[in-house]
Amino acid sequence: MVVFDKPHSLADVPLHYCPGCTHGIVHRLVAEVIDELGVEGKTVGIAPVGCSVMAYDYFNCDMIEAAHGRAPAVATGVKRALPDNIVFTYQGDGDLASIGMAETVHAAARNENITIIFINNAIYGMTGGQMAPTSLPNQVTQTSPYGRDVNHCGFPIKVCEMLSQIDGAEYLERVAVNNVKNVKAAKKAIKKAFQNQVEGKGFSLVEVISSCPTNWGMTPQKALEWIDEKMIPYYPLGVYKDRSAKGEE
Amino acid sequence: MAKLTFKSDKCKGCGLCVDACPKQVLALAKDKINKKGHHPVEAVNEDACIGCAFCATMCPDCIIKVER
């Protein structure tokens with residue numbers, strides 16, 4: 001009996017990510033969910049700009065590459081033109097929380113029936129480890145060599161907390177992928193986010209606390225510990241909004 | 001007994017599976033180098049494997065197939 005194998009929706013090609021980068025885990029979870037819901041043939045994914053820019057090569061469903069930060073806008077267009085299709089975006093923190101913040105907030109405000117997978121690794125990975133809007137206070141990056149000074153650079157943006165104030169958002173949850181238990185919880189959240197779209201409930205966003213061993217300057221193992229020690233205390237895990245659970249509809 | 005299959009040429013030797021295994025079944029092969037230039041993971045103690053698939057759950061590159 002096969003206990004575990006590569007999901008069908010995930011292409012059988014080597015991923016370009018650095019060793020130990022948890023992007024691969026999240027890619028697999030998304031593919032597993034697409035398989036389990038049986039929607040591979042009608043799913044359209046929107047790839048972002050950032051480390052996951054080549055996500056279009058890694059999923060076997062249809063994929064579109066959006067301009068930087070504009071994945072929710074492209075997803076809005078696809079979903080409105082093809083309402084029977086399942087549309088998801090896969091975005092990093094530089095894409096969603098920085099240049100694409102306006103698109104994200106307005107897609108939530110309109111309660112677009114799309115699913116957003118948001119990877120928060122507190123750094124700009126692809127460009128070489130610069131400070132991101134989500135970098136922690138005092139975090140050392142290429143552009144904050146003495147640590148992020150909140151008096152000068154401001155505070156990190158907590159996307160789930162912020163979007164939970166928007167009436168339109170249907171489902172917001174923050175998860176992590178730094179150990180087996182959290183990966184299982186992350187899959188459950190991603191599945192719910194896709195299920196919400198199938199049921200026509202509306203805007204669902206899952207924020208995944210992810211690691212960047214290369215740009216954090218750590219081993220993959222140490223990076224996962226750093227998530228537990230530094231990131232989760234600042235970005236608490238949990239459900240930030242779930243309208244259907246509260247019966248607010 | 002569980003059976004593990006690895007796509008060794010896709011392994012990047014990050015070792016996350018090694019740490020996730022509760023039975024110390026896995027280790028990085030220090031005497032081997034794969035196509036990508038990494039030391040790939042291998043099962044050094046496959047008899048102890050209980051088929052929990054924790055290794056595959058943590059593998060970012062989806063190279064492990066678990067059967068039992």
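Student: Which residue stands opposite A:L172 in strand 8 of chain A?

Tutor: This is a predicted model, in which local features need pLDDT of at least 70 and side-chain atom pairs count only at pLDDT 80 or more, while totals for chains, interfaces and linings use all residues. Residues are numbered from 1 along each chain as its sequence is written, and chains are lettered from A and ligands numbered from 1 in the order in which they are written. Strand 6 (residues 171-176) and strand 8 of chain A pair in the antiparallel sense over four bridges; two strands pair if DSSP finds at least two bridges between them, and strands (E, at least two residues) and helices (H or I, at least four) are DSSP runs numbered from the N terminus. In strand 8 of chain A, the residue opposite A:L172 is A:K241.

Student: Which strands of chain A stand at the edges of the sheet?

Tutor: Seven strands of chain A form an open sheet with mixed pairing, in the order 3-2-4-5-7-6-8. Each edge strand has a single partner strand, so one side of each is left without a neighbour in the sheet. The edge strands are strand 3 (62-65) and strand 8 (238-242) of chain A.

Student: At what angle do helix 2 and helix 4 of chain A pack?

Tutor: Two packed helices are described by the angle between their axes and the distance between the axes. Axes are lines fitted to C-alpha atoms, for helices over the stretch in contact, and angles run from 0 to 180 degrees between N-to-C directions. For helix 2 (residues 71-81) and helix 4 (residues 101-109) of chain A, the axes are 7 Å apart and the angle is about 40 degrees.

Student: Which residues of helix 4 of chain A make the contact with helix 2 of chain A?

Tutor: Two residues are in contact if their C-beta atoms, placed from the backbone, lie within 7 Å. Helix 2 of chain A contributes A:P72, A:A73 and A:T76. From helix 4 of chain A come A:E103, A:T104 and A:A107.

Student: Which helix of chain A gives the most to the side that touches chain B?

Tutor: In total, 22 residues of chain A are in contact with 23 residues of chain B. Strand 1 (2-4), helix 1 (23-37), helix 7 and helix 9 (220-234) of chain A each supply at least two residues of that side of chain A. With four residues, the one that gives the most is helix 1 of chain A.

Student: What is the bridge partner of A:V2 in strand 4 of chain B?

Tutor: Strand 1 of chain A pairs with strand 4 (residues 64-67) of chain B in the antiparallel sense, over two bridges. The bridge partner of A:V2 is B:E67.
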